[in-house]
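I opened my notebook for a quick tour of this structure. Here is what goes on the page.

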Amino acid sequence: MAEIVDLSIEDELKAQVRAVAAGGGQIEIIGGGSKRFYGETIEALPIDVSAHSGVVDYDPAELVITLRAGCGLADVQSLLAGQRQMFGFEPPLFGAESTIGGMVAAGIAGPRRAFAGGIRDFVLGVKMLDGRGQVLNFGGRVIKNVAGFDLARVMVGSQGTLGVILEVSIRVVPIPEAETTLDFEHKSAGEHIRWINGLGSHPWPISASQWAAGQSRLRLSGSEQGLREASSQLGGEQIDYAWDDLREQRLEFFDPDQPLTRITLPPAHADLPIDLPQLIEWGGALRWFSGAGNIADMRAGLEGAGASVCAYRGHDAGVGVFHPLPEPMLRLHRSLKSSFDPAGIFNPGKIYPGL
Amino acid sequence: MSETGREKLAARFREFLPAESVIDQQTSLRAYECDGLSAYREQPLLVLLPENIAQVQQIMRLCHEQRLPVVSRGAGTSLSGGALPHAGGVVLSLAKMNRILKIDQLSRLAVVEPGVRNLAISEAVRDRGLYYAPDPSSQIACSIGGNVAENAGGVHCLKYGLTLHNILALKVVAADGSIFEIDQRALQRDGYDLMPLLVGSEGMLGIVVEVTVKLLPIPRCARVVMGVFDSIEKAGDSVAAIIGEGIIPAGIEMMDNPAIRAAEDFVHAGYPVEAEAILICELDGTEEEVQAQITLVEQVLTRGGAVETRLARDEAERLLFWSGRKAAFPAVGRISPDYYCIDGTIPRKSLAAVLAGVRSLSEEYGLPVANVFHAGDGNLHPLILYDANNEGELEKTEELGSRILQLCIHHGGTITGEHGVGVEKLGEMCVQFSEPERNQFHAVRECFDPLKILNPGKAIPTLARCAEFNAMHVHDGEVPFPELDRF
């Protein structure tokens, strides 16, 4: 499955970037805009890159798809589903306009993250425009590739601060034959965390987990036989549950009128002493808190724990959306940014000041 | 450097290292002059064997101050010359830092020093029902620090990933002796994800001094089926058909006739020596799942034209089936005075075309080639049989290897799937990457190591090197990359 790629849009983007760089301007890269909320607000010229779309190559037997960044995520998902394949990291859409480029740049994975891997684990190659308006290719279209530094995967979650993603090659996985959800009662978050981490020492076919309001939920994925066997041994109550509602944050817990905090930390870390409604995903590694809390205190309390406290959505401006980095690490980030984008034209300040 | 210069330098390191941790005697230095790619040899000024992180930091501070090149080294099993010493620098061996520091069952991780052997990790956690998944062929000997530097693979990559996918955190000593950490135990951290940058950076961005690896539960059941084919194409198509069924095998390996013969001669695994190709396919999971999938795979193989399928009856036979594949390199080593292992990766659909190309190149150069293939992930290992004692044969072999890698690039693949660039594939890097791309690699390196003291001369070719390579490889009057400036 390959399409003739219309290069004129790429040339147009290149010219745009060069013009802005020459004129001392700055650019906000916009795909579908569905994840624009994520990160700091930017004052720069918005450039819509969503017209740069099209499937460059897809051969299901290779387990790899190569896409231009403007491809609609929903369209790509139905194309894959037609071949009984999918993205293993279960990306959220957060809106019908969501694009592949935005998915990679934001780097937000869904409920499957802890059990199948994150976006960077599946990205194989990236074609991008750097701050000089040069087209660069890193990685490739094959699963194993160790030639050159793996800059393609570094693009995942870089929020457009390193360049404009033009094309991306992503590994895909088969859609599991069957899925089922089991429901368990675990009154406290701590009980859930111990239980779900304990399950990890056995090869259960778990593909998602959730805890909220005293209920633990597990999604199992695999063959019919495998699921029957695992369900009978794990116990719990078999229920119908729309995991898409969790992925898209449509559950009641994710009240759009309340600030939302995302804390990621080593999965077996004890329950956090934060007095707000909590929802736990990713086998304990992802903990959402709904409501106004003191972000600075949360960050201080998790110093040295390998955690990130992200003021994900709806917090006061000025709090800093992303967890601050230690000074030497921030310097390294800035020098990496400037190696790709010396004039600092792309998404200025999207992650941290100067980044 | 003169002998007195060497002695003076050794004395500086002995100020903070135990005397026996500084090797400066010619006879002892010789043991470090090459890694697994023995065609390249160089003697370093000194070899240093620190015992802890503080000593590594002190070494780096002094090397930084003296602008001394530093080549870090694990077990020295690299097949690309990644640990080849620098004549004007030191080798920093991490062999003495070989302790398992922590095993955390609840978090399913182990914290280890870089010199710990790959297999030793799995052995240490087996009682707990856990293992470390990546299994490069050298896993008995190779160290985890080296695995991180090379992003090592193995036969189970398709299902369980490369080293990158199985590392949770790294502690790294930077070129200036400071320490930084990359901790992804949380699965998502704010800021750039530098793990993919460090893993596979071939010792050029820092010295890995502590590694936190992910441990997986041992699958309850693993079974192997072998498909025997009278053509490479049918075997290749059968791999695609298995994946088309939605099955991701734990491992799927292909061998061609010369590789089958060599392996059978060596380990007597019962391989069919008349076959053009065999496929060895392993499935793992629960009893029921594996049973259902193995039946399906047998059907697919038969439908794909296998003249025979063999199911390993028990664990002993499963290991026997694997023994031939795992011993393929030494087996080829027995039938030829020397062999040279190539590490290209190609889209699987190009297998037949690439193997046909390899065959005609093999005839052109008059050098036999045996092929083993990580068929699931497209990683091809042609083994060129040669005799280094014949005048000019090594050079001819290297040229054939280079032509094979360029063939892989031509088919949309890459010059190295798991062995790394090292010193070996610098020239081919000039073909795979454009000048602005190579400049970006150099720029990234300088973010970590502005003085360029870490493993200089490896992995990323200089502009001059590429000009030289391209000058030597003009085919049919056409210069590759005509847009580049020439010297």
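My entries follow, going from chain A to the interface and then to the cores.

**Ground rules.** I am working from a predicted model, where local features need pLDDT of at least 70, side-chain atom pairs count only at pLDDT 80 or more, and totals for chains, interfaces and linings use all residues. Residues are numbered from 1 along each chain as its sequence is written, while chains are lettered from A and ligands numbered from 1 in the order in which they are written.

**Chain A overall.** I looked up the secondary structure and found 11 helices and 17 strands in chain A; these are DSSP runs, with helices being H or I of at least four residues and strands E of at least two, numbered from the N terminus. The radius of gyration of chain A, taken over C-alpha atoms, is 21 Å, close to the 20 Å from the globule rule for 355 residues, so chain A is as compact as a globular protein of that length. That rule is 2.2 Å times the number of residues to the power 0.38. Along the principal axes, the C-alpha atoms of chain A fill a box of roughly 60 × 50 × 35 Å. I also noted that 51% of the 355 residues of chain A count as buried (20 or more other C-beta atoms within 10 Å of a residue's own, C-beta atoms being placed from the backbone).

Most residues other than glycine have a negative phi. A:L63 has a positive phi of about 60 degrees although it is not a glycine. I found A:L63 in the loop between β3 (55-59) and β4 (64-68) of chain A, and it is buried, with 23 other C-beta atoms within 10 Å. A:Q159 also has a positive phi of about 60 degrees; its place is the loop between α6 (151-154) and β8 (164-171) of chain A. A:Q159 counts as buried too, with 24 C-beta neighbours inside 10 Å.

**Where the chains meet.** Which helix of chain B gives the most to the side that touches chain A? First, the totals: 71 residues of chain B are in contact (C-beta atoms, placed from the backbone, within 7 Å) with 67 residues of chain A. The answer is α16(B), with seven residues.

**Cores.** Of its 197 residues, B:V213, B:I278 and B:L279 touch the most other members. Apart from it lies another core, of 31 residues, including A:I193 and A:W282.

Technical notes. Two residues are in contact if their C-beta atoms, placed from the backbone, lie within 7 Å. A nonpolar core is a set of buried Ala, Val, Leu, Ile, Met, Phe, Trp, Tyr and Cys residues joined through C-beta atoms within 7 Å. A residue is buried if 20 or more other C-beta atoms lie within 10 Å of its own, exposed if 12 or fewer, and partly exposed in between; C-beta atoms are placed from the backbone.
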